[in-house]
Every structure is written in structure tokens, then in C-alpha cells.
Amino acid sequence: MPRQPVQSIENSFVKGLITEATGLTYPENACTETFDCRFLKTGEVRRRKGINFEIDYETYTLTGDALRSASAVTEYLWQGAAGNSNNTFAVIQVGQYLYFYKASATLSDTRNSLGNIDLNPLDLSTYAVSGAANPYEHPCSFASGDGRLFVVSKHLEPFYVEYDPSTGAFSGTQITIKVRDISGDTADPYEINERPTATVATVDVSHLYNLYNQGWAESVLIDDDNDTSISTTVSNPVTVWDSGHTGASARSDLPSNSDRWWLFKNAQEEFSLKQVASVTFSSGSAPKGHYILNAFDMDRDTASGLTGVTTTTSGEYRPSAVAFFANRVWYAGVDASGYNSTIYFSQILDDISKAGNCYQLNDPTDEQFYDLLANDGGTISTPAIANVVKLMVVENSLIIFATNGIWSISGSEGIGFTAVDFAVQKISDLQNRGRLSYVDVNGVPAWINAQGIYILKQDPITGGGVSSLSSNTIQTFFDEIPKTSIPYIKGVYNQDDKCVYWLYKSETANPVDRNYEYDRVLVLNTETGAFYPWTIGVSSARNVLGIMVVTGSSIETSIDNVITSGLDDVVATLAEDQVVANTTATVAIAPTTKFLVEYLDSGVRKITWAEEFCTTYEDFNACTAGQGVDYSSYFISGYKLRGEGNKDQRTSYLTLHSRQETGSSVYLQGLWDYRNNSSTKRWSNPQQGYLNRANVDFVTRKLKIRGNGLALQIKCYSETNKPFNIVGWSILDTVGTVP
């Protein structure tokens, strides 16, 4: 029976892994399965390098397993410490402690290293909230600004860290977040404009507190019944209302919550009970906020000097999200009823003492100076918010990711946020949980929740404020990640290779600390949109705990010999001491993706840093000699139906094109008719795809792919310790003329 020849070229895999397609709808330039490869924007597929300890790595010894038992591990890159752009530190939370690694490079090699760990880590127990069962099982959140590092966690008092370049020491200072009591004591039993028939001694104490909080606590000039001169008598207007003054008898009631004491002043600007009858009742509540209280322990008794006023507290909960935006520190995520929907922002941080001043400077109950100022602090309450998960700055807006949606805060006039001009806008109903997966991709947030992978970008179909990156690409693959692992996924973005790296655990973990031991990486190439996963060579003696992209700059010094002008002789002193010169320069640190690794060294538990750079193509072969972990890099092409899905096809020859690299190797197999297991006898025999040659950039090799069927895939996989870099292939098929 005659057959028709069909020539095809597969020369680009820029789409990476695609799972959301069938055997009849599979897109070009994608693969159905892959692990441990890199998919480049050129269309090439290469084997990833091994993950190994960084060059000149340093280790730090942990004191037994207790430091990680039921404890969180998280990391943050602190740039510009002490206001110097050359001070870059990797900040690591391991349970109860914060560790600080100095990022540096050399004049000859901008590959960075994380050495010089500060041997006196900050002990978080200093900031633990009383009564919290285990404050270290929750990850810290970080933000930097004004040369300082701001730190919050669910059961820690907020604090900031300062770095002293002269001593190399780090110190922490607790932040007490303070607010004006603008709500007052809600236990007040009286209506807003009700003047209770009572005395100061018998009135409900909550009402008396509210009067004080509305400005009645001030000592003011009292009418002495002398209309020709200003009185010198000073007293509390509530007390005077209750006891009377010269020319006016005591009243049988007390002021209401709508009364303002300064409305009852006479011509001499004195408080006078004779004016009460002439002032019309106000139907609205008088301004509150005379007292400034601790936001999370509102002790109204101590502030007012009264006894029995309601104390409002968030219990053991404190902010779990922090950001530095509009020259202020922002706090949110207090998981206590009545606090969960409140966003706190400090006054403009022209002085570090204002970091916790989340209130307006002027007293809102004052007669004259009550105005809200642009540089004031305050709170924003959005009752629709359930619990805040994450705060991120995007251009002129602060984005609030909550468990029941996403909101933004920005200036209403487009000139940036101020205390007197802002707008709150809901972006999406998308639910969010874990706070570790969020990454900033050149000013655009991307993150993971239980439903998939998202980016803050308007969806062209739904018109919503977010778009799914996984729903049409790798959703099936994503759904295989255990739901218990989702809250612990960690993400970073590397501006150098334009890739996002998400660490995740492929199996359900227990207890809590095991959730921070990762065995997979999901990579997103933001230039092409390609997803591709990696494995990590972990074991009982070695775990990957975190991930970070280190970049910035550092000051480095080299010591050079001083030589003569003829460049022949080294200059020396009369005592024959060699003369040297110090060369100091600012070195740009190349963005590098780092893995935080914990490992056992002769029974001692240590932490250090690793990178993807090892050309033996093993993971962690520096941990223990001869015990590096091999991994298989492979990819399987999409389904090719040359016979339109109902006619037999056969492959005459496949010509593989690869980039030349000494020692390269790759094996190819043909997979016929959708078979996903070699035991089905529908996989062709493996063949070596490389034919190494000298003095060429690319090499080719012609292979015979035996077999036949309705659909064909090509599997490429690695050989131990050897790289590959596949450009593509050309296939000559023959197809039957009839089904």
C-alpha cells in the first residue's frame, strides 16, 4: 500500500510543561512531562546543573533538633542596612532565632557568597507575647525602610532591627503600636444624645470614660460669675457640671455623648453652666480619641484614672503582615475578633520613634487644633476583610491579600497615599492563605493559593483584577501538590534569569517543622510563560529549608603589590618589607538563587547555602564525599499525529540537533500511541543522541526510531554526570493513505 512522506521540524520548547490538553489538542512547542530541565527562551532544553554548597561556603551549627521542633523557617533579603546600599544581609528565621548573613562578592568574581554570619543571633523570645503557646511555629514577616528591618509575627510584639557598621552588631527594639481611642467604651448604656440623670459618683463608668475621651477630661477655665474679667479658676468641666459653680447650681444630669464642653463657653471663653440651656442638642456623636492607647491592650483604666472601664485586647495575637509604604510602616493581620479587618499605618517616619504612632498628632476632640494632617498615622478599617495574609507594595498602591479577597490602598487623586487622601478598592474575591509564596515580578505580584498560581493582572476574559497562570497550562500537575503543602510554599524571583522559583513539598508533612523541608522546585520562566519542575536530592541527613535570591552590592578590598614603573620589581622598604596597596571598590553582586540547607555533619546539625551550579550533575556531592544524589533530567514531547489520528505513521529517521558541549550525552526513545509505561512494548529502544565533534557549535545525529502507530512522542533523558542541551529535531515520517 502506498505511503505518503511527511517532514516535520521540532525546534522550540518555549512553552515548557503543559498538562491542560488532550492527545488531539496538544499545542506545539510544549512537553507532556518533564523534570530537572531548563527551558530557555531560545527554545532549547538543557539539563539543570547540580545543587551544591556555594563556593567557599560557611556553616553554622544548630544546637540539636530543639531549635527546629514545631518551628518556622523563613528568609528575607535586607538591602541598604544602616542606610548604606552596600550592606546586604540574608535574614533567616530558624525557630526562635534570627540569623544574619553578609552578602559579598570579590573584585575578580561577582558570584556572591553568604558568609560572615553574625554569631550572636537575635532571640525572638524577647518579643514573645505572654500566653502564646508556641510563638515560633509561625513565620516572621519582614519589611525594610529607613535603613532598618521591621519584623512582625503572629505571636510576637513588633520590633525593628538596626545594624551598626562600626561593630558589626545587630540590635532589636520593640515597637508599641499606639492608636487614639476613636471608638470609646462600647459598653456605655446611654443613647448618643441622652443626658443621664446621675452624678459623677453614680454614673456608669463607661459613660464617664467616654466623656473624658471626648475632651471632658481637660482642666479648663470655669465661670466665676465675673463678667468683666477672665477667671483664674481651673477645673474639670464634668466635675463642674455635677457640682455647679459661682452663679450656677449643680445639674441633676450629666453631659451626653453628643455634648462638647467648649460649646458651653461664655464671652470670656470660660466654661459656664448658664450656657447649657441656650445650646441646641446635637444628634451626632462628639469626636472621640482624646486618649492614646496601646492598640492591642487598650487599658482604659490606666489612661483615664478610672476603675472598671472596659479593656479591649487582641489577646495573644499581633500583626502578622508588615510593609514599608509611603514612608510609613504598615501593620495588619491581627487574627483576633475586632482586629482582623484593621490596617495600621504609622506617621511619616522622619524619626524612628514614630514607627508605632498609628494615630493623628492633633487631638480630634480639641476645640481649635483638631485637624488631620497629611503626615499623620492612623487606622483603616475595612469590615469586608476577613484576615489579612500579606501586604505588598505595587507602584503607588499597597495591595492587601486577605483570606476572602484582595484590596488596594492608594491616594484618591493619583498623587500617592496621605492620611487625608486615600481610597480603598476591592480588586478580587480570590481567597488566599499562605504568606510565603508571594513574589514581586518587576512590580507585579505573583503567588500561589489552594486553587492555583496567580498574577495581579487584569484577566482579559473575566475582567477581574487577577489572572490565573496555571488554569490553562499546568493545573493538573499543580493539583497533585498536597493541599497541606500549599501554605508553606516559598517563592523568589531572579531578575537575572527572569525566573520565579517556588519551593514545595511533594508529600504531606507532619509535624510543623517538617513542612519547611522541601523536595521540589517549580520554575516559571516569566519571559516565555513556561513552567517546569525540579526534584531536589534530599535525605534524612540533609534538607532544603528555604530559598532566596541574593543581589545588591558590597565594598570589597584587595591587597596588591607595589611594583616599579618598569613592572619588573616589587617595591620594598629599607627593612626589606614588601610594600603593598589596598584597593577598595564597590562590587555589584550578581543575582543568584540560593537554597538554605540543613545537614548533619558527624551528627552535628548545621545550616549553610547552596546554588545550582555543579557540573557533575549531582545534588550535594560536597556534603559527604561520594554521596552526591543523581537525578534524571528528562522531557517528553507533545503528541504528533502525522496521520491525522486515524492513519498509521512510521518514522524513517530523526535528525537530532544539539548544542556542542564536551562530555554531553542524551538518550532518545519513541513512545507510540499514548503509552505511558515502557513495559507496554510500545517504547522504542533507547539510543544515544550525541555525536561529539570538535570545532562546531552544534552537532547532529541521525537516528532510526522504530515502531509505528497513530501518535508519536519523543522522550529525551540524561546520562549520569553528563549534560545535554537539545535544540530540536527533524523527522521524516511516512503515513498511510487510508485509515
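Okay, let's start with a pair of strands: strand E24 (residues 342–345) and strand E25 run antiparallel and are joined by 4 bridges. Helices (H or I, at least four residues) and strands (E, at least two) are DSSP runs, numbered from the N terminus, and two strands pair if DSSP finds at least two bridges between them. Before I go on: this is a predicted model, where local features need pLDDT of at least 70, side-chain atom pairs count only at pLDDT 80 or more, and totals for chains, interfaces and linings use all residues. Residues are numbered from 1 along each chain as its sequence is written, and side-chain values use heavy atoms, with hydrogens and water left out.

Back to E25, then. Opposite its Ser381 stands Thr342. Strand E25 (residues 378–381) has Gly378 and Ile380 on a covered face, while Thr379 and Ser381 are on an uncovered one. In a regular strand, side chains alternate between the two faces of the sheet.

Now for some sheets. Strands of a sheet pair through backbone hydrogen bonds, either parallel or antiparallel. Which strands are at the edges? Ala402 has Gly405 in E28 as its bridge partner.

Another open sheet has 5 strands, ordered E2-E43-E49-E45-E46, again with antiparallel pairing. Strand E2 (31–35) and strand E46 (687–688) are its edges; each has a single partner strand, so one side of each is left without a neighbour in the sheet. Strand E43 (residues 634–637) is joined to strand E49 (residues 712–718) by 3 bridges, and Ile636 has Lys715 in E49 as its bridge partner.

Next, the largest pocket. How big is its volume? About 1,200 Å³. Grid points are joined across faces, edges and corners, and the volume is the space filled by probe spheres set on the points.

The largest pocket is lined by 34 residues, with Tyr76, Leu77, Lys390, Tyr438 and Asp440 nearest its centre. Elements giving two or more residues to that lining include strand E7 (73–79) and strand E26 (388–394), and E7 gives the most, with 5 residues.

Last, two single residues. Leu122 is found in strand E11 (residues 122–123). Is Leu122 buried or exposed? Buried, because its relative accessible area is 11%, and buried means under 20%, exposed over 50%, partly exposed in between (1.4 Å probe, protein chains only). Leu122 and Leu98 are 24 residues apart in sequence, yet 5.1 Å apart in space, C-alpha to C-alpha.

Ser658 is found in strand E44 (residues 649–659), and Ser658 counts as buried because its relative accessibility is 1%. That's me done, thanks!

Conventions. 1 Å grid on protein atoms, 1.4 Å probe; cavity = no way out; pocket = protein on both sides within 12 Å on 5 of 7 lines; lining within 4 Å.
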